[in-house]
Amino acid sequence: MSAFLFLTPTWNSDPWVNAFRKIAPKLDVRSWPNVGNVNEISYIAAWLPPPDELKRFPNLKVIFSLGAGVDAILGDPTLPLDIPIVRVNDDDLTNRMSEYIVLQVLMHHRQQRRIEQNQRDRIWDQFPQHAASALTVGIMGLGVLGADAARKLLMMGFKVVGWSRSSKQVDGVKSFAGSKEFDAFLAETDILVSLLPATADTDGIINRQLIGKLSRKGPFGAPILINAGRGRAQVEEDILACLDSGELYAATLDVFRKEPLPLESRFWSHPKLTLTPHLAADSDAETICRYVFAQIERFERGEGLVNLVNRLQGY
Ligand code: NDP
Ligand code: OXD
């Protein structure tokens with residue numbers, strides 16, 4: 001007997017279980033912690049699984065991450081070594097992330113926070129505007145999400161450059177790759193967007209030294225940071241210090257080293273910071289359940305799984 005388990009301790013699993021039962025009525029769908037007989041579980045769909053949990057299922061065949069990022073799954077020290085992990089690569093999630101990135105880039109570019117403050121203060125200030133083409137957006141992590149956001153920003157008229165481990169071909173986007181080309185990428189970037197996964201290599205990459213290498217030739221005279229990848233990529237004291245000193249003009253953060261963000265964090269009240277609670281790209285239950293079930297069907301037909309995680313790379 002083959003059973004499917006949702007392992008989502010921080011989410012209400014009801015919408016997921018209901019959606020999956022509708023899509024796969026013949027499958028025995030369960031929800032953690034009511035796992036039943038562990039020997040019967042063949043598939044697990046997980047989001048922030050507790051450490052040591054995934055090792056409990058001796059007949060597990062595939063782990064599905066319910067998000068694009070897999071750092072929480074790979075961070076489990078007792079994760080079984082030989083089980084494939086599939087991550088989300090889905091147009092719905094990609095579109096949501098691109099909406100968020102375009103929204104934040106435009107918000108900074110058109111100085112929306114200044115306009116809102118002026119409205120609150122009843123100030124009629126027709127300050128000068130500049131063209132989108134005056135700004136270069138640099139995307140760190142030109143993967144599935146980064147490439148889509150890049151295309152949409154290009155359509156808005158921004159110049160776009162991208163950085164990843166390997167060189168990419170995205171029409172209209174200048175691609176930089178690896179540590180050798182990192183500084184050249186940063187030197188062209190007025191608005192830095194991070195869509196990097198959390199790995200040993202990206203831990204703390206957004207620090208004061210990096211910020212110091214960003215372009216200061218743009219219309220704001222100092223760079224802007226947007227991080228919607230993972231909080232572990234940022235050194236948070238450095239970002240605060242750079243916002244205080246003017247080394248950063250402004251920032252948007254959707255992700256944090258500790259989530260939920262502690263109440264005492266200075267990020268909550270910093271006047272130059274726009275903060276969102278890790279909601280840049282939500283995973284829609286029905287869409288993702290269809291995606292997962294299609295993969296189970298492929299797998300049971302003996303076809304390969306797609307969007308497999310490379311455990312050595314960590315994403
Ligand atoms: P992909 O795996 O498609 O893209 C990751 C990109 O990062 C790749 O281009 C990869 O390069 C690059 N990369 C990884 N490590 C390095 C490194 N050390 N140096 C340079 N480049 C590197 O992932 P997605 O685009 O689908 O997702 C990206 C991340 O976004 C997720 O891992 C997740 O953390 C985050 N995310 C956040 C959400 C939110 O709501 N805030 C929602 C969804 C995702 P290469 O292609 O050469 O390997
Ligand atoms: C994801 C996320 O990785 O929502 O999909 O953070």
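Guide: Around ligand 2 stand Trp 47, Gly 67, Ala 68, Gly 69, Arg 230, His 278 and Ala 281, where a residue counts as near a molecule or strand if one of its heavy atoms lies within 4 Å of it. This is a predicted model, in which local features need pLDDT of at least 70 and side-chain atom pairs count only at pLDDT 80 or more, while totals for chains, interfaces and linings use all residues. Residues are numbered from 1 along each chain as its sequence is written, chains are lettered from A and ligands numbered from 1 in the order in which they are written, and side-chain values use heavy atoms, with hydrogens and water left out.

By class, the shell around ligand 2 holds three nonpolar, three polar and one charged residues. In this scheme Ala, Val, Leu, Ile, Met, Phe, Trp, Tyr, Cys and Pro count as nonpolar, Asp, Glu, Lys and Arg as charged, and the others, Gly among them, as polar.

Polar contacts come next (pairs of N or O atoms within 3.5 Å; within protein, one must be able to donate a hydrogen and the other to accept it, and residues adjacent in sequence count only if both atoms are side-chain atoms). A polar side-chain atom of His 278 is 2.6 Å from an oxygen atom of ligand 2. For Ala 68, a polar backbone atom lies 2.7 Å from an oxygen atom of ligand 2. The side chain of Arg 230 places an N or O atom 2.8 Å from an oxygen atom of the ligand. Ligand 2 exposes 210 Å² when taken alone, and the protein buries 86% of that; accessible areas come from the Shrake-Rupley method with a 1.4 Å probe, and for residues only the protein chains shown count as cover.

Asp 254 has a polar side-chain atom 2.9 Å from a nitrogen atom of ligand 1. On its own ligand 1 has 940 Å² of accessible area, of which the protein covers 92%.

Helices (H or I, at least four residues) and strands (E, at least two) are DSSP runs, numbered from the N terminus. The axes of α3 (residues 91-109) and α5 (residues 144-155) come within 9 Å and cross at roughly 50°; axes are lines fitted to C-alpha atoms, for helices over the stretch in contact, with angles running from 0 to 180 degrees between N-to-C directions. α3 is therefore oblique to α5, since angles under 35 degrees count as roughly parallel, over 145 as roughly antiparallel, 65 to 115 as roughly perpendicular and the rest as oblique.
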